[in-house]
Amino acid sequence: MVFFVLLLASSVLAIARAVSFPAGVIATGTQGVTNPPVPTMPTTINQTSMARLLSLNSIDDFCLFAPPSLASIPDTETEEVAWCTMPRNNARVIPDGTFSGLSFLKTDFYVQIMGTGNLTNLNIAPHDDGGELDPHGATGAGNPIGGNVTTTVANGIDEPIAEWMLYISDTEFCIRACYFANETYPAKFMCWHELDVMGCEFVMPGTYNPPGTFETCDADVAYPPGWYPTVNANGQTSFSTFAQFFTGVFTGGNGQPTPYTVGDTVTPTAPAFIPSSSNCVTQATISNGIAPALLTANAVGTAPPPGFSTSVAASGAASGSASASTPAGSESAGGSGSAGAGASNTATPTNKGTGGASAGAGSSSGAAPTGSSPARRGARVGHGSDGEFAAIALLSLVSGLAAIVLLH
Ligand SMILES: *[C@@H]1O[C@H](CO)[C@@H](O)[C@H](O)[C@H]1NC(C)=O
Ligand SMILES: *[C@@H]1O[C@H](CO)[C@@H](O)[C@H](O)[C@H]1NC(C)=O
Ligand SMILES: *[C@@H]1O[C@H](CO)[C@@H](O)[C@H](O)[C@H]1NC(C)=O
Ligand SMILES: *[C@@H]1O[C@H](CO)[C@@H](O)[C@H](O)[C@H]1NC(C)=O
């Protein structure tokens, strides 16, 4: 195993907002072009919408990304659109009865929702093992392109969140938005997006209930995905990180193919620990009360649906870009800066198609946790987006395994 030690930059805190958020937490760009400029509720029903703005506010007011028309997630990563439980954000509305169980978890660092249901209602192809979506993607414009996420959980107003990840299949999903951070746990690590094949229960551990439970809970903070702590003789905690194993062939500017291997050959079977939930409040189900007939494929309304016309005011003027601080400091922790620099000459263009997406999923050697999915463990990596796969390969090649030493 190769380790290198990184001292996290100490300048993580940026004070720029009424409530200050650490650097790297609040998204500073504009919303994607298909999105309304800020989250809004109610909006008229539009089941043909291409809007890509998720809000993750509560067990009955959240959104997911799913295909615009029936397809598998890996085939449509760049094109997914927003589907919301409420008529909001100009997005498509999820019909009542879609979910068979939901857990809405609030932790000190992130909001996380896990759920089961019939997600073919969201145009996900039956039997799709699913895939992973995040704001990075092949071009850095996100998967889906221009996809954005907000939450009111941090402070009661809509905050645009820079780092999030969604695993979703035809029967289950888990989504995390990282609305807080500290020097130990920068948002980009707490919402680390490179363990595509590991599945929800590994990447976003927590209490996964069988279908039938709808609950809102507090929860302990997990370690960032793939991090395993060790306390040394001096009482220092360090973390080793698991990197998803895959191999491929990369053809440089000189036309020479070079095989590479990235990550651990032994895949861990479980996260370092499973955070507990507490203070859970359960309910029978969730419902927006909108008649199914108004939510059929391609349905378009002319006004907000009954019950929403006057009630809920637009949920707040989102806050825009306050944090002026440079993210550069925290970026360095993962080695991604140097990865870009080191690899850029040879890497970028020629990798398309050579990465061998199939190598990713197949070569992990650990046992899969039972029932794990979307998702489901084994979800393909890079399928339909070999550009992203190549980019991940090069990044991981350089960052490899990192141990992060904490100074106490
Ligand atoms: C929207 O998403 C894009 C792509 O990930 C990002 O560059 C931008 O900062 C996001 N904007 C907001 C307000 O979340
Ligand atoms: C519905 O969404 C589509 C795609 O984004 C858009 O072209 C159309 O104008 C929308 N219709 C209404 C009534 O908002
Ligand atoms: C999911 O819902 C669709 C219709 O919305 C239905 O045809 C299908 O049988 C359902 N699947 C399951 C597993 O219940
Ligand atoms: C960050 O938060 C975690 C979880 O509360 C804590 O264990 C850690 O010591 C904190 N790091 C710093 C630098 O405060």
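Residues are numbered from 1 along each chain as its sequence is written, while chains are lettered from A and ligands numbered from 1 in the order in which they are written. In this predicted model, local features need pLDDT of at least 70, side-chain atom pairs count only at pLDDT 80 or more, and totals for chains, interfaces and linings use all residues.

Confidence is given as pLDDT, the predictor's score for each residue from 0 to 100. The protein has a mean pLDDT of 75. A value of 70 or more is reached by 70% of its residues. Residues 311-374 fall below 50, yet this stretch has 151 contacts in the model beyond near neighbours in sequence. Contact here requires C-beta atoms, placed from the backbone, within 7 Å. Residues 377-408 also stay under 50, with 110 contacts beyond four places in sequence.

Six strands form an open sheet in the order β5-β4-β3-β2-β9-β10, with mixed pairing. Strands are DSSP runs of E with at least two residues, numbered from the N terminus, and two strands pair if DSSP finds at least two bridges between them. The edges are β5 (92-93) and β10 (159-160), each of which pairs on one side only. Within the sheet, β2 (residues 53-58) and β3 (residues 61-66) run antiparallel and are joined by two bridges. S58 has D61 in β3 as its bridge partner.

The largest nonpolar core has 73 residues. Such a core is a set of buried Ala, Val, Leu, Ile, Met, Phe, Trp, Tyr and Cys residues joined through C-beta atoms within 7 Å. L64, A82, W83, L166 and C178 touch the most other members. Leaving out residues up to four places away in sequence, W83 touches C63, L64, A66, A91, R92, I94 and L122.

Q31 lies in the loop between β1 (4-6) and β2. Q31 counts as buried because it has 21 C-beta neighbours inside 10 Å; the cut-off is 20 or more. Beyond four places in sequence, Q31 touches P37, L53 and N148.

Strands β14 (residues 227-231) and β15 (residues 237-241) run antiparallel, joined by five bridges. Y228 is partnered by S240 in β15. Five residues separate the strands of this hairpin, where G235 takes a positive phi near 85 degrees.

Ligand 2 is surrounded by N46, T48, S49, M50 and V300.

Terms used. Near = placed C-beta within 6 Å. Helix = DSSP H or I, 4+ residues; strand = E, 2+ residues; numbered from the N terminus. Buried ≥ 20, exposed ≤ 12 C-beta atoms within 10 Å, placed from the backbone. Contact = placed C-beta atoms within 7 Å.
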